[in-house]
Amino acid sequence: RDAEASALRRARDDARGRVRTLERQNELLHAQVSLAAATVDRLQGAAARDGGAEDDDDEGGAGGGAPGTQDDEVRDLREVVVFVRREKEVAEAKLAVSVRDGERAAARARSSDEAAAA
């Protein structure tokens, strides 16, 4: 029973560590998405201030690739953030299950110890 409780505690601690790691990754990704979004906004604002001169180039000229590429990067980063959030939720759910399993194992161990003592 001690081995089972110990294994459950290790699983719980591992799950908590994964949650912390995912939280750090999520924070980093949020920062990257914010930076990318700010860059896109800045570039779009600069393009709007420059007038319609570059709009003609966007049809197929050399200047047309950068904003689309940045939009794609922002979209990709947002998808990564969504994925990491889902992974975090899964890790938190696993942690909750591990904690409950650990509590049940500890209760079983206590009740068997009490039964043996009686």
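R12 is partly exposed in this predicted model, with a relative accessible area of 22%. Its side chain meets that of D13 in a salt bridge, at 3.5 Å from N to O. D13 also counts as partly exposed, at 40% relative accessibility. As a general point, side chains of opposite charge can pair when their charged atoms come close.

With neighbours within four places in sequence left aside, S98 is in contact with A11 and R12. S98 belongs to helix 3. Is S98 buried or exposed? The relative accessible area of S98 is 13%, and the residue is therefore classed as buried, the cut-off being under 20%. R12, at 22%, is partly exposed, although it is in contact with the buried S98.

Let me turn to the other salt bridges. How many does a search of the whole structure find? The search finds three, and the pair of R12 and D13 is one of them.

Another joins E92 to K88, with the closest N and O atoms 3.6 Å apart. Both residues lie in helix 3, which covers residues 65-117, and they are four residues apart, about one turn of the helix. E92 is partly exposed at 33% relative accessible area, and K88 is likewise partly exposed at 22%.

The side chains of R104 and D101 form a salt bridge as well, with a distance of 3.0 Å from N to O. Where do these two residues stand relative to each other in helix 3? R104 and D101 are three residues apart there, so about one helical turn separates them. R104 has 45% relative accessibility and counts as partly exposed; D101, at 24%, is partly exposed too.

I now move to the chain as a whole. Its secondary structure consists of three helices and zero strands, and the pattern along the sequence reads α-α-α. Of the 118 residues, 16% count as buried, and S98 is among the buried residues. The accessible surface comes to about 8300 Å², and carbon and sulfur atoms account for 50% of that surface.

Finally, the contacts along the chain. Which share of the contacts between residues at least 6 apart in sequence joins residues at least 24 apart? The share is 96%.

Key: Residues numbered from 1 in each chain as written. Predicted model: local features only at pLDDT ≥ 70, side-chain atom pairs only at ≥ 80, totals over all residues. Heavy atoms only, no water. Salt bridge = Lys/Arg side-chain N within 4 Å of Asp/Glu carboxyl O. Buried < 20%, exposed > 50% of the residue type's maximum accessible area, 1.4 Å probe, protein only. Contact = heavy atoms within 4.5 Å. Areas by Shrake-Rupley, 256 points an atom, 1.4 Å probe, with all protein chains shown as cover.
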